Amino acid sequence: MRKRVFVCLAALLAVTTACSDSSTADKPKQRPADAATGSDFNGDGYSDLVVTDSDATVQGVYAAGQVVVVHGSAKGPGTAHRKVIDQNDLGLGKAGQGGRFGDDSLSADLDSDGYADLVATAGSKTVFVVWGGTRGLPESGAARLTGVSPVAGDFNGDGYTDLVSRDAYTDVGTLALGPFSRAGKPERTVRVDLAPEGAPFAPGDDIATPSAAGDVTGDGRDDLVVTWSKYGDAAYSPRATVLYRGAADGRLTKGPRLKDAQGGDLYGHEPVTADIDKDGYADVVMGLACEGFGDPEVPEGGSRVEVSYGGPKGQSTRLKTARITEHAALPGSPEFTYCSFGSGVSVGDTNGDGYADVAFSGAVGTGAAGRPTVILLLGSAKGLTTQGARLFSQLTPGIPGSDDIEAGFGYGTALLDTDRDHSAELAIGSYLSPGGTEPIVWVLPGSARGISASHTVTFDQDDLGIALTAGRGHYTFGR
């Protein structure tokens, strides 16, 4: 039975460091008290891991989708009290065929009660909010909203978490300003025009997608990262990344199109934000393993991961946009398989030094199928660096499970601190699962010395409560 396991997480990082980007006047402002609580759904102080199987068959309904919550603890994530949730549990309508509940999911405290809430999409235009509480999910109820591509952040700087989503089939977005009522009603809403403009975009054909949030400009408000994608050959491919600046009145202002080191448009898949260089500005990180027009092909300049460093105007004047390609100097001088380097980017501080690190996937080998590998790069005052880089595969001592390439290790990553030791763990997923006892998720602990493969925790389908008959899995750890 083929199971694809994607691992991704967008951590809510409080920006507290005040370092200069160019002058004293440019120092980022102190963020207000952040009501968001990461992914702690039951209020025990530990972040929880969210695994979504959007292809799961639920009560005979194909691809209805389900979500598994793996609670954190002093010993890290464990399945003793895990929760399996599907749309039928919410009391807001039955799960439908192809609804893929949880296909896009994130955690944020929308009602400002101190408990993280789960935001999960279903169908073509539905967003569910499952409220957290002392008993975790889903006992605290749920609300049903309308939209696609939800992104959470504090866009007006008032300390409450807001939610941006796009209308289905349009380029118009809605900023819903928190706090939300338990019925899902925000304080107020603001409409946002996200439509792509200028070369190479064609009005009506191309599309905008809210992708991430972070205080890139250092003004104490989160900014919205939007991906502009061009349509071609029955698919959308990213071609520009645009920053929409947060504002006190909630009216997001279209800011700059982010540029790469060569001055061209910066673009990639599923951007995330974190402070890589610890200067107080959120940085925008994205991967581009492959182009999507027509037959898949390696991007010009090679498959890559790029970092746009934040600054008062949206991009730093101190650090140029960094590009790490598949030809970078990495331990063992690996060669990567066609269109593999730079998939599944995630961010988090793995060693507690205050610099966010970056994990992503690749495949080592020049044949048709390489060995699935996860690459970890460290943040520093000079930005993302290959110094101290780590590579993990199922040949790495301490990582259990089959070392067969077909086992699919490494399909996606997540970085989050589930044991509250101020060092993020590295969670790794897979795209194949040959049986209920074969690992489909690996969690490697972090510490002041960084990520270690020793004491790796694994979860199989039985641990997660995912039946082999559930369907072709499409698992992802929530953002």
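Two strands count as paired if DSSP finds at least two bridges between them. Keep that cut-off in mind; this is a predicted model.

**Stop 1: strand E3.** Select residues 66-71. Strand E2 (residues 49-53) pairs with E3 in the antiparallel sense over five bridges. Asp 53 stands opposite Gln 66 in E3. E3 and E4 form a hairpin with six residues between them. In the turn, pick Gly 76, with its positive phi of about 95°.

Show the side chains of E3. Gln 66, Val 68 and Val 70 point one way; Val 67, Val 69 and His 71 point the other way. In a regular strand the side chains alternate between the two faces of the sheet. Six of the six residues of E3 are buried, so the strand is largely enclosed by the rest of the structure.

**Stop 2: the open sheet.** Select strands E5 to E8. The order is E5-E6-E7-E8, with antiparallel pairing. E5 (105-108) and E8 (142-146) are the edge strands, each pairing on one side only. Neighbouring strands are turned by 25° against each other on average, direction ignored. Zoom in on E7 (residues 126-130), which pairs with E8 over five bridges. Val 127 stands opposite Leu 145 in E8.

**Stop 3: the cores.** The largest nonpolar core has 23 residues; Leu 377 and Phe 360 are among those that touch the most other members. Strands giving two or more residues to this core include E22 (357-364) and E23 (371-378). Select Leu 377: its contacts include Ile 324, Leu 330, Val 358 and Leu 384. Apart from this core lies another, of 18 residues, among them Phe 155 and Leu 252.

Key
Residues numbered from 1 in each chain as written. Predicted model: local features only at pLDDT ≥ 70, side-chain atom pairs only at ≥ 80, totals over all residues. Heavy atoms only, no water. Helix = DSSP H or I, 4+ residues; strand = E, 2+ residues; numbered from the N terminus. Axes fitted to C-alpha atoms, helices over the stretch in contact; angles between N-to-C directions. Core = buried A, V, L, I, M, F, W, Y, C linked by side-chain atoms within 4.5 Å. Buried < 20%, exposed > 50% of the residue type's maximum accessible area, 1.4 Å probe, protein only. Contact = heavy atoms within 4.5 Å. Lists of a residue's contacts leave out its neighbours within four places in sequence.
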